[in-house]
Each structure stands twice: as structure tokens, then as C-alpha cells.
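Okay, thanks for coming, everyone.

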Amino acid sequence: MTIAEPEGRVPPPDPESFGRIADLVYRQVGIRLGPGKGYFVEGRLGRLYRELRCRDWADLCRQLEATEPGTCRDAFIDAVVTGETQFFRDELPFRALAEKILPEALEGADQPLRLRVWSAGCSTGQEPFSIAMALWDYVERGAVELDIWATDVSAASLRRVQDGVYDELELARGLSAERRRRFFEELPGRGARVQGPLRRAVRFQRLNLATDPVCGPGFHAVFCRNVAIYFDTEGKRRLHQTLESAVAPGGYLILGAAETQLLGRSSFRVEHFHRCLLFRKTGGARS
Ligand SMILES: C[S@@+](CC[C@H](N)C(=O)[O-])C[C@H]1O[C@@H](n2cnc3c(N)ncnc32)[C@H](O)[C@@H]1O
């Protein structure tokens, strides 16, 4: 039996433990780890293995399987999800929102319109804050009240976003100098914090898209970008069904740039905003 010291090298997972961990990852977050992903388990869970002073991978499996949802289970989820994100990622979805989706929603609507947007799988908040920034001219004109929900399964990501502070590296990714001046307050040596009004436009909540009930219905737009890329076909099908029920008739679902297919959905039709695919739910007044 391999004994790992707290800072010692973690051995590769044995096949049986790998299977148990892959099963747990699938049940917990919907991510399918195929064979050959032993390096992923070792790389992502090595730290937890050491922190829990595991004797071997079977010991880690026992501890994870025995744990009630809580710190250890949260640390497991935080370790296996990928939170890669940036401000205005891929840019076009945010322009689509400001230049197409919102103007359409405003036609014939009472003003101010309460615009409901859900950022599902929001990571550390750059996506929902980009949504708010993209629409802020309308807020200042009094045409719109923003109601933005931002959810993620990762407790660590949501903790990070609580104070709205981003470091220089994060701020350098996708945020223009003009937007930084307009929407952030500088914290010398620490980066900058999202200003209060923008922060208050976004409500963050923990939500597991693989297991929890939907955060809806009735959203004008749902962003779920670069989340389902880690799911298998069945998981994607279930997720797309969940998202469908959250979108209002005539509203839009926006997936990641590399996600071009909706599985098993018939109530959406494809529209384009430049090169950006938008899935529009049928049944609205204008659809
Ligand atoms: C690659 S990031 C994408 C962030 C953002 N949507 C973007 O495109 O920049 C994927 C996010 O999905 C979250 N995620 C993965 N599985 C999830 C699940 N089952 N429920 C909710 N969020 C999940 C991860 O925690 C991570 O923050």
C-alpha cells in the first residue's frame, strides 16, 4: 500500500478507484471522465488526497462516498470543474444581447422593462458582469431594470465573486480601459472592484445544473456557455431540456462558440447575430 506524506507525491489512481471517482464525478456534476483520464484525477484531486491524508485512492473514494454534502464534497466539486472564463468572452453574445435581443424585447413593452437574464455556469462572475455592462446604457436611460441571475456549482468560485474584486490578470482579460474606468473602482495593489450598482444588478446563487431544479421560468435570455462541453450526450440532452424550460417563449438560449447543436429540442429555431448562433424559443408574440 502506498503511503502519501502531506506534501509527498501522489500515486496514479488504480483502475478500480478511478472507476469509483469517475462515477462520483458523473453523479455529482454530470461530467463524464472517459478511460485514460487518470492523469486528470491525479492532477485535480492530488491536493485533496494529501489534505485528507489518504492512504491510497480507495481511501479517498471511501471518504468521498461517506461524506454528506459539505466541505469535503464541495472541495471535490471545486477540484473537478473547470472555471476558465474572462470578461466579454467571444464578444458577439454580449453584442447580440444589446443590439438584438433587448431592442426586440423593448418593442411594444412597458417601460421600464424588467429584463431577466440567467448566466448558468457563471464561474467567477465575469460573464454576468459583462452582461450587465453590455446593457448598462439602457439602464441609465431608464428603459430597463436588470434582473440577472448567475449560478454555478462551485462554492469556491462563488466565494471569490462575493466582494466583486478582480486582480490585474483577470482585469486584463477582455475588459477595455474605458469599461474599467466606467464600471470599476480601483484598489491600488489589489486590482479593482465592480461598482455597487452593477454588483447589485447580479444575484449569485449556487445551483447544480445536473441535479437541481431549474432557475426559472421566464428568462428573456439564458447564457449557458462552455459548461456542457464536459457533459456526455445524455447529460447534454438533460441540460438542454432544463434550459428550455427556463427560457420564455420568444426568448433566447445562447451556448458557447463551439457548441452548435441542441440535443432533442424542437421548440427552438436557430437565428444568427453575425457569426453567433442564437437559439430562439418559439411561441412568443414575435416568433
Ligand atoms: C469553463 S467555465 C465557463 C464560464 C462561463 N460560462 C464562460 O463561458 O466564460 C464552466 C463553468 O461551469 C460550471 N459547471 C460545471 N458543471 C456544472 C454543473 N453541473 N452545474 C453548474 N455549474 C457547473 C463550472 O463550475 C465552471 O464555473
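Before we look at any helix pair, one convention: a crossing counts as left-handed if the near helix is turned anticlockwise from the far one by less than a right angle, and right-handed if clockwise. Also, this is a predicted model, where local features need pLDDT of at least 70, side-chain atom pairs count only at pLDDT 80 or more, and totals for chains, interfaces and linings use all residues. Residues are numbered from 1 along each chain as its sequence is written.

Helices (H or I, at least four residues) and strands (E, at least two) are DSSP runs, numbered from the N terminus.

So, the pair I had in mind: α1 passes α3 in a left-handed crossing. The axes of α1 (residues 15-29) and α3 (residues 57-66) come within 9 Å and cross at roughly 25 degrees. Axes here are lines fitted to C-alpha atoms, for helices over the stretch in contact, and angles run from 0 to 180 degrees between N-to-C directions.

Who touches whom? α1 brings Ser-17, Arg-20, Ile-21 and Leu-24, and α3 brings Trp-57, Ala-58, Cys-61, Leu-64 and Glu-65. Contact means C-beta atoms, placed from the backbone, within 7 Å. By class that contact has six nonpolar, one polar and two charged residues. Ala, Val, Leu, Ile, Met, Phe, Trp, Tyr, Cys and Pro count as nonpolar, Asp, Glu, Lys and Arg as charged, and the others, Gly among them, as polar.

Arg-53 has a positive phi of about 50 degrees although it is not a glycine.

Next pair: α5 (residues 92-106) and α6 (residues 126-140) pack with their axes 8 Å apart, at about 40 degrees. α5 and α6 are therefore oblique to each other, and α5 passes α6 in a right-handed crossing. On the α5 side you have Phe-94, Leu-97, Ala-98 and Leu-102, meeting Ser-130, Ile-131, Ala-134, Leu-135 and Tyr-138 of α6. That contact holds eight nonpolar residues, one polar and no charged ones.

Between α5 and β1 there's a loop with Pro-112 in it, and the Gln-111 to Pro-112 peptide bond is cis, with omega about 0 degrees.

Now the sheet. It's open, with seven strands in the order β6-β2-β1-β7-β8-β10-β9 and mixed pairing; two strands pair if DSSP finds at least two bridges between them. β6 (202-206) and β9 (268-273) are at the edges with a single partner strand each, so one side of each has no neighbour in the sheet. Strand to strand, the twist averages 25 degrees.

β1 (residues 113-120) and β2 (residues 144-152) run parallel, joined by eight bridges, and Ser-119 stands opposite Ala-150 in β2. β9 and β10, on the other hand, run antiparallel with six bridges. They form a hairpin with two residues between them, and His-274 in the turn has a positive phi of about 50 degrees.

Last, the ligand. Of the 23 residues around it, Val-81, Thr-85, Gly-121, Ser-123 and Leu-209 come nearest, where near means a C-beta atom, placed from the backbone, within 6 Å. That shell divides into seven nonpolar, eleven polar and five charged residues.

Definitions and conventions. Parallel < 35°, antiparallel > 145°, perpendicular 65-115°, else oblique. Contact = placed C-beta atoms within 7 Å.
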